[in-house]
Amino acid sequence: MRKAYCSEISFLNSVRKHKHDKKNFNVWWLGQSGFLIQWNGKHLLMDPYLSESLTKKYAETDKPHIRMTKRVVNPIKMDFINVVTASHGHTDHLDPETLHPLVKSNNNMDLIVPSAEIELAMERSSLSKDKITPINAGETIESNGFIIHAIPSAHEKIKMDKNGNHFYLGYIVKFGSWTIYHSGDTVEYDQMEKYLTQWDLDIVFLPINGRKKERRVPGNMWGKESASLAKRVNARAVIPHHYNMFTFNTESPNDFITEAKNLGQLFFIIENGQYWSSNQLK
């Protein structure tokens with residue numbers, strides 16, 4: 001199994017070290033689609049999966065979720081979180097064994113989820129409905145200085161409930177002078193480029209594990225597609241995600257890297273637990 005770049009105490013020390021950085025925002029990849037965003041002493045945690053829940057759930061099935069990379073940190077130790085977002089209801093993005101410790105360690109944590117998944121979020125987090133913030137595509141909310149705007153995502157397909165609430169979302173987040181986009185799980189769909197080009201995007205976080213029928217799970221963009229989308233929406237840089245977590249559902253970043261270089265698209269490859277700073281942007 002791969003080791004995280006930084007884990008447990010070394011990871012927590014890295015987060016503490018940069019907490020008082022007033023010039024930049026800082027990022028740590030936590031694995032799969034999970035990212036910790038640090039800005040102005042505040043912490044936004046996006047799609048965290050910090051447990052073995054899926055490995056245990058599927059251990060005796062014909063679709064084992066074998067971990068490739070060790071966990072970055074025990075979520076009970078992350079007692080500095082202000083906001084948590086979940087892009088959709090799949091367990092590697094809305095995980096009870098991650099959320100319960102986070103709720104326990106962060107009394108005033110704001111949990112933001114798709115309106116279509118509010119009941120599931122209550123079940124997964126043990127929070128009451130009034131303690132969870134629902135959001136739908138086209139809506140904008142503010143939490144702890146982070147301005148979060150939701151757009152649709154298509155986990156192969158766009159899916160809505162009977163009230164028009166989207167099950168899969170991506171989040172455009174503004175804070176200070178910065179703007180980032182976290183896709184959640186998605187393929188490119190009609191209007192996606194139009195939605196994204198309306199924003200001056202500093203960083204886009206896009207999946208690269210692609211989609212194969214034999215995996216029997218909804219898929220995402222391939223690496224080449226993510227590099228292309230980042231270029232077309234004029235993102236200053238792109239960071240890939242959704243790989244190196246489960247052996248049955250991963251891809252090498254090599255195609256992504258090659259395509260980004262061919263297009264002249266700035267990109268960064270970071271490892272689980274590794275620190276990245278916006279001072280690296282050109």
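Predicted model: local features only at pLDDT ≥ 70, side-chain atom pairs only at ≥ 80, totals over all residues.
In general, strands of a sheet pair through backbone hydrogen bonds, and they can do so in parallel or antiparallel fashion.

β1 and β13 belong to an open sheet of seven strands with mixed pairing, and if you walk across it the order is β6-β5-β4-β3-β2-β1-β13. The edges are β6 (132-135) and β13 (275-277); each has a single partner strand, so one side of each is left without a neighbour in the sheet. Ignoring direction, neighbouring strands here are turned by 20 degrees against each other on average.

Next, the helices. Helix α1, residues 8-17, lies across β1, β2 (34-39), β3 (42-46) and β13, and runs at about 160 degrees to β1. Helix α4, residues 118-125, also packs on the sheet, where it touches β5 (110-114) and β6. The direction of α4 makes about 150 degrees with that of β6.

Finally, have a look at E52, which you'll find in the loop between β3 and α2 (53-57). Is E52 buried, exposed or partly exposed? Its relative accessible area is 33%, and because that falls between the 20% and 50% cut-offs, E52 counts as partly exposed. Leaving out residues up to four places away in sequence, E52 touches R67 and E97. As for T250, E52 is 198 residues from it in sequence and 17 Å from it in space, C-alpha to C-alpha.

Conventions
Residues numbered from 1 in each chain as written. Heavy atoms only, no water. Pairing = 2+ DSSP bridges. Helix = DSSP H or I, 4+ residues; strand = E, 2+ residues; numbered from the N terminus. Axes fitted to C-alpha atoms, helices over the stretch in contact; angles between N-to-C directions. Contact = heavy atoms within 4.5 Å. Buried < 20%, exposed > 50% of the residue type's maximum accessible area, 1.4 Å probe, protein only.
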